[in-house]
Amino acid sequence: MDPFYPLQLLADWLTYSVFGLDKASRLGLSVDFFLFDVPKVLILLAVVIFFVAIIRSFFSPEKTRKFLSHSKLYGGNIAAALLGIVTPFCSCSAVPLFIGFVESGVPLGVTFSFLVASPMINEIAIILLFGLFGWKITALYIVSGLVIAITSGIIIGKLGLESWVEEYVYQIRMGDGGELAEQTWPEKLTYARDYVGEIVGKVWPYVVVGIGIGAVMHGYIPNDFLVKYAGPGNPFAVPIAVLVGVPLYSNAAGVIPLVSVLVEKGMAMGTVLAFMMAVVGLSLPEAIILRKVLKPRLIAVYFGINAVGIMAIGYLFNAVLR
Amino acid sequence: MIIKVLGSGCANCQKLEALANKAVAELGLDAQILKVTDYPEIMAYGVMSTPALVIDEKLVLAGRVPSYDEVVTLLKRSAQ
């Protein structure tokens, strides 16, 4: 049984009995959609963020760095992409993380696999994709993200772009902070609870607005309306989706509920995946932060390879998922 | 006691600094709180993820904003 079925009953009851809206009316459809999706998405977010916080407490950038130092091309890239998913890391720490990796002998290409995977395979995106599209699309999303992270790291490694890193990075020597005391279980639980409050507190307005727009479209726009513009037949849909996704960085929580409606109205699945990846993986703020350690040429290569990879995934799935 | 908050000035670093200020005031500690924003200096403490907390030159926390209670515990432990 669908665990969210009681929520559906509640939304139906509110819409059709309490508000007295007609079951066949457009307004009724929109209101019902909104009242069901908002609590569903917020509950999904809260539950999964809690467990993500617990899992992440067993990993740290310092441990990941130790594990990856002196790793080799290929194997190192795969390990780095996988560790990028679970290692707690926010883009505001991108600079010390980059310096720390380079200083301890993590190859440049392996470092980039980590930097690409970490934001791209984003826990909020995974939860929402799972809740709104099911496990197949979620699995495709994770595998595609890993493939892009691994290959772009391998390409950057093969190109030998070490001289495109700012020189001062190679002069910094890291101290030894010693072992930090491991968090106790009560501390882990408190931290996870606070983290849920912090994240849900930050993203809920985006969720409500995203679902609100989605609800209006759900009720008022005919199905298959977007097939002509964003369906598999339009070759420009993928690059346009990627361009639109870049400035929406970090608003995955608001974007995904909206996207689920775009699919219902005829947007092709590959285009949707490319859009999602652009939203979370191509971050202008992170590029600006990384300018402190990378020369502009290397930032351009990093962004360019990522964008090309994301578009390739979009076209591939548009061709395959019919 | 010298407390250093390591971080490039991001929102989380400011939160940690506020927590440290509050805890110092509440515990009545004779402590000085300094902000360290310079990357080479941050990295000299072996820190890769900010914000981080250093008490009397010893790293006690890195990579997350702790709860207020945890900051109090850390300060008490170092004060002894």
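Biologist: Which residue forms a salt bridge with B:E17?

Modeller: This is a predicted model, where local features need pLDDT of at least 70, side-chain atom pairs count only at pLDDT 80 or more, and totals for chains, interfaces and linings use all residues. Residues are numbered from 1 along each chain as written, chains are lettered from A in the order written, and side-chain values use heavy atoms, without hydrogens and water. A salt bridge is a side-chain nitrogen of Lys or Arg within 4 Å of a carboxyl oxygen of Asp or Glu. Here the closest N and O atoms are 3.6 Å apart, and the partner of B:E17 is B:K35.

Biologist: Is B:E17 buried or exposed?

Modeller: Buried means under 20% relative accessible area, exposed over 50%, and partly exposed in between (1.4 Å probe, protein chains only). B:K35, at 48%, is partly exposed. B:E17 has 18% relative accessibility, so B:E17 counts as buried.

Biologist: Which residue of chain B meets A:E198 in a salt bridge?

Modeller: The N to O distance is 3.7 Å. The pair crosses between chains, from helix α9 of chain A to helix α1 of chain B. Helices are DSSP runs (H or I, at least four residues), numbered from the N terminus. The partner of A:E198 is B:K15.

Biologist: What is the relative accessible area of A:K265?

Modeller: A:K265 pairs with A:E264 in a salt bridge, with the closest N and O atoms 3.1 Å apart. A:E264 is partly exposed at 28%. A:K265 is buried, and its relative accessible area is 1%.

Biologist: How many salt bridges are there over all chains?

Modeller: A:R65, A:E103 and A:R173 are linked in a network of salt bridges. Over all chains, the count comes to 10.

Definitions and conventions:
Helices (H or I, at least four residues) and strands (E, at least two) are DSSP runs, numbered from the N terminus.
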